[in-house]
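I opened the model to look up a few contacts and wrote down what I found. The entries follow in the order in which I made them.

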Amino acid sequence: MGTPTLGHYLVLSGLLFAIGLAGVIVRRDLLIMYMCLEIMLNAANLSLVAFSRFSHQVRGQVLVFFVITVAAVEVAVGLALLVSLYRMKRTTKAEEITALKF
Amino acid sequence: MAWLLLLAPLTSAFLVWVALRPYPRLSQAVSIAASGLAFLTALGIALGKVGAPAALSWVDLPGLRIEIGMTLDSLARLMLLMVTGVAFLIHVYSLGYMAEDPGRARFFGELSLFLASMIGIIVSTNFVMMYIFWELVGVSSYLLIGFWFEKNSAADAARKAFLANRVGDFGFLLGILTFWATCGTVAFDPGAARGLAGNWLAPVAALLLFCGCVGKSAQIPLHVWLPDAMEGPTPVSALIHAATMVAAGVYMLCRIFFVLELSPEALSVIAWTGGITALVAALIATQQNDIKRVLAYSTMSQLGYMVLAVGCASTTAAMFHLTTHGFFKALLFMGAGSVLHALHHEQDIWRMGGVGRKMPLTFVTFGIGAAALAGIPGLSGFFSKEEILQAAARNEPVLFWMAAFTAALTAFYMTRITLVAFLGKPRTKAAEHAKESPFVMGFPLIVLSVLAVIAGYSFFGIEHLLGGHEAEGKNPLVPMASLTAVLLGLTAGAITYGRANQERIAIPLFERKFYFDEIYDWTVLKLQEESARLLAWADQWIVGFVLVRGGAFVVSLGGEMLRLLQAGNLREYAFLFALGAGGILLLLFGR
C-alpha cells in the first residue's frame, strides 16, 4: 500500500458518480433521486479537489467551495419544493406527479 | 424663363386641385392664364428670345445619369407652338362648352395637368424624363375621358384607354431598358446609339419603343381605346384625341428617329403598321353615324399617315402633317362640339341635318376643317398629305397606293358627315331649334380655321422650322394621283349623300369596326377565363392541398410520432440524458 495517487481518487470519483446516476435512473422516490443527485455533485467535487491537489493549484478547491455553497442553496429550494409537494399530493413518487403531463 | 412652360400649368393644376375647386370662375381664370403663359413662352422660344435652361441633374449614379432638362430644337419648338397654341384655344373654348357643368373647376385642373405633362414630353432630354411625362399624359387623359364618371360608358372608356395605353407603355419601358442596357445612357444621344448599329438588338429596341407609339397614337392593334375615348367632353376630344396626346406618339418616333433608322426592318414594320391603320380606320369611318366617332376614326387614319411617314424615313413629312392635322382636327372637333352643344348632345348625324343654316359660323369653319382634312388643294392638309405620299412613293409603291386610296376615302367620309349633318332638312326637333354657339366658342373656331388654311404654305414657316423640305425625288405622279383620289372621294360622297335622309350603303364589317372589340372580348373571355380556371385549379389543388395542407399534415404527423418518445417518465429522461452524455464523451475522447 503506498500513498493514493490521482488515479485512485479519480476512480473513486467515477464510481460515486456512477452510483449517483444509477440511483437517479433507478429509484422512484424524488427524495432519494435528490440525494443521488447530491452524490453525483460531490463526485465531481472530489475529482476537482484531487486535480487541484495533484497539480498544486488552488483554483479547483476554490471552485469546489462555490459548488458546495450553490448546492446548499439548491438543496434548500429543492427540499422546500418537495415538502410542499408532499403536502399537496401526499406522495413523492416521480410517476405519480402528473399534473403537468399531457 | 423656359421653365415657365412646365411650371405655369403645373402650378395651375396644383392650385386648382388643392384649393380652388369650389370656385369655378377662379379655377378657369388660373387655368387659362397658365395656358396663355405657356403659349407666350413657347412663342418666345420660337422667336429665339428665350433660351434653354441648364439641365438639372436628378439621378447621378455610375452608369445611370438622368437629367431634368429641356430640349428646344426645331422639332420641339414647332411642337410646343402647336400644342400650347391649340391648348390655349381649347381652354378658351371650354369656357363656353363647359359653362353649365358643375364640375368645371375640376375639368380645368385636369386640363392644366394634361398640358403640363404634354409639354414635359415635348421638351424632355432623355428617355426616363419622357417616360415620366408620358405616363402623366396617360393619367390625365384617363381623368379627362372619365370626366363624366357617373356615366358607366365614360368610366369604361377611361379604363379601356388607360389599359390599352399600359400595354403599349410596357413595351416602351422595355425598349427604354434595352436602349439603356446596350448604349449605357438614357439620353437622346445619337452618338451613343451607334453602339446599337448592326446589333441584333437594334430592331428589337426600335420596335419596343414603337410599342409606346402604337398605344398612344392608337395604331392597330391597340387603337380600340380612341373611338371610345369620345365619351369625354368634346374639348377633351379636341385637345387630347386630335391635336396633342395622340400626336405625342408620332412626336416620340421623330425624337428617337436616331434609334429607328439603325434598323431598316423596324422602319418597314412601322411603315406598314401606319399604312394599314390609315386604311382600316378610313374604312371604318365611312360607316359610323356618331359625328365624334367619325372624327375619331379619321384621327386614327391621319395618325396612320404620320406613322407611315416616319416608317418611310421622312420625319419632316410626319411632323408637317402632325402640325397641320393638329390645327384642322382640333377645329373639326370644336366645330362638332359646337353642334353638339346646340343640339343638347345629340351625336348621331342622321338626327341632325340643316344645322348649317342655323349655325353659319360653325358650318363655315367646320367646312374649312373638313376640306383641309380631305386634302383639297390650297388648304394645309393638301400640302402635308402630299409630302407623306411623296415619301411613301419613294419607298414602297404598295403603301403609296394604299395611302392614295385612303385619301379618297377621307374625302368621301368627310363629305358624308358634312352633307348629312349640316345640309338638307332638319330631321329632329332639336336640329330645328339649333342656335349658334357663344362667341368664346366661335373665336377659337375662327383662329383655327385661319390656321387650317394657311399652315401649309411656306410663308407660315413650318417647313422652315423643320429645316427645309426635301426637294429631291418629287414624283410628278403623286400630286395627280392624290388629286384624282380626292376628287373621286368628293364626287362619290356628294352623289351618295347629296339628298340622303338615311344611310345608303350598309357594310356591316365597317360598321362593326372590323369586329376588333368583339375579337378582343372573345379572346379575353376565352384565353383569360381558361387560364384563370387552370390557375384556380392549380391554386386549389397543388398549392392549397398538396403544399399547404400536405406540409401541415407532414409536420403534425412528425409531431405525433415524436410525442411518443416524450412519455413523461422522469427516470427515462435521466437515463437517455446520461446515455447521450456518455455518447458525446466517447465521441470526444474515445480514441
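**Entry 1: the two chains**

How many residues of chain A are in contact with chain B, and how many of chain B with chain A? I found twelve residues of chain A in contact with eight residues of chain B, where contact means heavy atoms within 4.5 Å.

Before going on I noted the ground rules. This is a predicted model, in which local features need pLDDT of at least 70 and side-chain atom pairs count only at pLDDT 80 or more, while totals for chains, interfaces and linings use all residues. Residues are numbered from 1 along each chain as its sequence is written, chains are lettered from A and ligands numbered from 1 in the order in which they are written, and side-chain values use heavy atoms, with hydrogens and water left out.

I then looked up the area: the two chains bury about 760 Å² between them, with 69% of it on carbon and sulfur atoms. Buried area here is the accessible area (1.4 Å probe) that two parts lose on being put together, summed over both. I looked for salt bridges between chain A and chain B and the count is zero. A salt bridge is a side-chain nitrogen of Lys or Arg within 4 Å of a carboxyl oxygen of Asp or Glu.

On the chain A side that touches chain B, the elements giving two or more residues are helix H1 (6-26) and helix H2 (30-54) of chain A. Helices are DSSP runs (H or I, at least four residues), numbered from the N terminus. H1(A) supplies the largest share, four residues.

**Entry 2: Ser384(B)**

Is Ser384(B) buried or exposed? I read a relative accessible area of 0%, so Ser384(B) is buried. Buried means under 20% relative accessible area, exposed over 50%, and partly exposed in between (1.4 Å probe, protein chains only). Ser384(B) sits in helix H18 (residues 380-395) of chain B. Leaving out residues up to four places away in sequence, I found that Ser384(B) touches Phe320(B), His321(B) and Thr324(B).

**Entry 3: salt bridges**

Arg159(B) and Asp156(B) meet through their side chains at 2.9 Å, N to O. They are three residues apart in helix H6 (residues 152-183) of chain B, which means a separation of about one helical turn. Arg159(B) is partly exposed at 47% relative accessible area, and Asp156(B) is partly exposed at 43%.

Asp517(B) and Lys160(B) form a salt bridge at 3.1 Å, N to O. This pair links distant parts of the chain, 357 residues apart: Asp517(B) is in helix H25 (residues 516-563) of chain B and Lys160(B) in helix H6 of chain B. Asp517(B) is partly exposed at 23%, and Lys160(B) is partly exposed at 23%. I also noted a network of salt bridges linking Lys160(B), Asp228(B), Arg293(B) and Asp517(B).

Which helices does the pair Asp169(B) and Lys216(B) tie together? Asp169(B) lies in helix H6 and Lys216(B) in helix H8 (residues 201-216) of chain B, so the pair joins parts that are 47 residues apart in sequence. Their side chains meet at 3.9 Å, N to O. Asp169(B) is buried, with a relative accessible area of 2%, and Lys216(B) is buried at 0%.
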